[in-house]
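Have your viewer ready and follow along.

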Amino acid sequence: MEKQNTYISRLVAKKEGFAPGHRACLGCGEALAVRLACKALGDNVIIVNATGCMEIVSSQLPYTSWTVPWIHTLFENTAAVASGIEVGLKVMNRKGRRLLPNVKAVGMAGDGGTSDIGLQALSGALERGHNFLYLCFDNEAYMNTGIQRSSSTPYGASTTTSPAGKVSIGQVTWKKNMPAIAAAHDIPYVATACPSYFKDLITKVEKAVAIKGPAYIHILSVCPTGWRCAVDLTVRIGRLAVETGMFPLYEVENGKYKLSLDLPQLRPVTDYLKLQGRFRHLPEDVINKIQQRVNVEYAKLKEKAA
Amino acid sequence: MTTKKGMEVSVALGEAVKLANADVIAAYPITPQTHIVEHLAEIVADGELDAEFVLVESEHSAMSACLGSAAVGARTFTATAGPGLEYMHNVLYVVSSMQLPIVMAVTNRALSAPLSIWSDHSDAMSVRDTGWIQIFTENGQEVVDNILCAFRIAEDQRVLLPVMTHLDGFFLSHMIEPILLPEQSEVDQFLPPNQYPLPLNPNKPVTMGDFGPPIIYAETKWAQQVNLRAAKEVILEVWREFGERFGRYYIPVECHHCEDARVLLLTMGSMSETAMTAIDKMRGEGKNVGLIRLRLWRPFPFDEIRKAVKNAEVLIVLDRALSFGGPAGPVCSEIKAALYQQDKRPKIVSFVGGLGGRDMSVGGFEEIVSRGTEISKTGSSQEFEIFGVRG
């Protein structure tokens with residue numbers, strides 16, 4: 001495995017779509033994920049970026065970190081803008097006005113921009129069957145505005161709007177299952193990924209970008225600032241999220257589930273939780289509750305993939 | 001040879017979009033805009049127009065999809081009304097600020113609550129500061145002509161701004177009127193293909209929609225203001241050329257006996273034709289009255305308004321919208337602001353009328369003119385009156 005990690009990077013494209021010099025925080029898992037995704041996307045794309053961390057760190061006038069065409073407009077409409085780009089290119093190609101065949105519109109948004117404020121626009125675009133790819137970079141809260149909870153924040157996490165307190169454990173709702181919502185639209189391709197498994201991420205993005213029709217990839221992006229963890233643990237914590245079953249890696253191709261990494265045995269969730277300040281306050285009974293939930297959910301997923 | 005045909009104005013509007021050879025239409029159904037998008041859907045389904053019709057799940061996504069298609073250089077159209085326009089409000093600023101030449105028909109509708117599907121100008125007034133060009137129409141022919149002109153103005157390389165063409169819901173959108181549709185070849189000569197200068201393109205990557213820190217934000221906004229003001233010259237030029245080609249001339253402010261009238265009434269939209277009938281009747285009775293019809297609302301035609309009222313003693317402005325807690329109707333407020341610094345200016349009286357589809361009759365306009373003339377002499381404790389309101 002270690003040997004593979006040393007050599008496999010040589011197989012990755014050298015060209016950066018997301019160039020260095022951006023303003024992301026030290027140890028940002030999302031910047032890493034975007035960088036890897038861009039390597040897989042290649043040049044023939046138009047990126048539509050929601051408001052959020054990646055937009056802010058990459059686009060301050062008059063600078064840009066993007067070497068591919070890129071547009072940001074609002075927080076909530078990423079998928080709708082992407083659908084406009086897709087149909088605009090399609091009709092102009094058909095009419096012979098601007099010949100840009102096989103250009104893919106790619107939406108990028110955080111978990112808030114996807115599972116909360118952008119959900120309606122995304123659902124509409126998935127249902128209409130546009131030929132586009134949507135990447136959700138999930139750092140499990142509104143990090144850009146200062147670590148407020150979203151519907152993608154995990155149970156028990158302390159955020160600035162779901163703070164752990166004398167009578168609260170922090171976030172009291174379970175993480176919204178966004179990949180399942182995407183899959184419920186019966187689109188050709190849905191996957192989860194994490195930059196800690198970078199070859200897996202790249203392969204999935206390459207696969208998704210080549211598919212005709214809507215594709216959705218949900219990418220866990222460790223956020224040391226918001227998760228209150230050490231900046232040199234980004235990749236490690238991403239691995240632990242997968243190894244504990246908190247964030248399993250899988251694909252849903254034409255409705256068929258497939259585990260990308262079939263773990264014979266899950267590590268205890270405490271291995272993942274204990275490295276992060278946002279879970280530090282959790283009592284044992286809550287940790288047990290999380291463990292039980294993970295066991296049940298992982299079993300359900302395995303059953304689907306069987 | 002083209003001849004006038006009787007048709008519903010919404011249908012004629014759809015035909016104008018077809019004549020303009022739009023590439024992308026993204027729209028969400030809302031009364032009273034529906035006949036426009038239904039007709040366009042039929043045209044596309046029958047292959048009469050080679051366009052992509054995006055059946056979005058909301059007006060917010062309608063304008064967002066339009067934004068995306070305009071950003072890759074496609075000719076883009078949408079239509080909405082009242083609450084739909086409000087729902088896309090957020091996106092409207094982005095579209096004008098990013099200089100994307102989208103054309104939108106707005107069948108003016110009142111805003112809830114109480115729910116009203118009927119016409120007034122609350123929707124149009126609430127978006128007056130979004131940076132769009134706004135043109136008001138008063139009959140079906142004006143609608144058709146000002147959809148064609150809207151594309152030409154929006155896509156002009158000196159402008160590159162979105163345009164709203166307003167038509168009053170039902171009062172105009174659902175009327176059957178004799179309308180002249182120009183020949184396709186004539187339209188093709190008037191309206192060249194859209195050549196958006198810097199579209200999103202992998203062969204020439206651009207970054208669009210950056211964020212602007214305080215050190216640069218104000219400069220971008222000033223540039224936008226200068227651009228919108230300067231667009232007026234292009235609007236005049238396009239209307240002039242349209243007149244030369246098609247024989248129908250448009251100007252920002254239409255004057256009806258402004259030169260010699262002592263009392264002037266100012267209206268916008270479909271009620272202007274009824275107002276004109278009232279004014280003609282009153283003139284027949286020897287009354288010294290006239291009418292101003294305001295067609296161009298943004299950019300505001302300051303010079304034309306000042307010129308139109310220069311001989312008048314009284315100006316009565318009839319707004320079809322309210323500005324709650326404000327000084328008057330929104331149109332009247334702006335007219336007052338435009339005239340305040342003038343050495344000679346008429347007394348200005350503000351009325352609001354025709355809210356939520358309330359009919360404005362010839363008799364009503366006569367009453368407004370006589371009541372307004374009286375108020376100009378006696379003054380009033382009210383900043384404005386809602387004409388005909390009970391209670």
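## A hairpin in chain A

In this predicted model, Tyr250(A) sits opposite Leu259(A) of S10(A). The two strands involved are S9 (residues 250-253) and S10 (residues 256-259) of chain A, which run antiparallel and are joined by four bridges. Together S9(A) and S10(A) make a hairpin with two residues between them. In the turn, Asn254(A) has a positive phi of about 50°.

## Two helices in chain A

Also in chain A, helix H4 (residues 78-95) packs against helix H6 (residues 119-128) at an angle of about 35°, and their axes are 7 Å apart. On the H4(A) side the contact is made by Thr78(A), Ala79(A), Ala80(A), Ala82(A) and Ser83(A). Facing them from H6(A) are Ala121(A), Leu122(A), Gly124(A), Ala125(A) and Arg128(A). Sorted by class, this contact holds six nonpolar residues, three polar ones and one charged.

## The sheet of chain B

Turn now to chain B, where seven strands form an open sheet in the order S3-S2-S4-S5-S7-S6-S13, with mixed pairing. Strands S3 (52-55) and S13 (296-298) of chain B each have a single partner strand and stand at the edges, so one side of each lacks a neighbour in the sheet. From one strand to the next, the twist averages 20°.

## The nonpolar core

Which residues have the most contacts inside the largest nonpolar core? They are Ile147(B), Leu264(B), Leu265(B) and Ile316(B), in a core of 221 residues. Domain 1 (5-246) and domain 2 (253-386) of chain B each give at least three residues to this core. Setting aside neighbours within four places in sequence, Ile316(B) has contacts including Val263(B), Leu265(B), Val349(B) and Phe351(B).

## Where the chains meet

The contact between the chains takes 40 residues from chain B and 44 residues from chain A. On the chain B side, H3(B) provides the largest share, nine residues. By class, that side has 23 nonpolar, 12 polar and five charged residues.

Strands pair across the contact too: S2 (residues 70-72) of chain A and S9(B) run parallel, joined by two bridges. Here Ile71(A) stands opposite Met208(B).

Key. Residues are numbered from 1 along each chain as its sequence is written. Chains are lettered from A and ligands numbered from 1 in the order in which they are written. This is a predicted model: local features need pLDDT of at least 70, side-chain atom pairs count only at pLDDT 80 or more; totals for chains, interfaces and linings use all residues. Axes are lines fitted to C-alpha atoms, for helices over the stretch in contact, and angles run from 0 to 180 degrees between N-to-C directions. Two residues are in contact if their C-beta atoms, placed from the backbone, lie within 7 Å. Ala, Val, Leu, Ile, Met, Phe, Trp, Tyr, Cys and Pro count as nonpolar, Asp, Glu, Lys and Arg as charged, and the others, Gly among them, as polar. Two strands pair if DSSP finds at least two bridges between them. A nonpolar core is a set of buried Ala, Val, Leu, Ile, Met, Phe, Trp, Tyr and Cys residues joined through C-beta atoms within 7 Å. A residue is buried if 20 or more other C-beta atoms lie within 10 Å of its own, exposed if 12 or fewer, and partly exposed in between; C-beta atoms are placed from the backbone. Domain bounds come from an automatic or database domain assignment.
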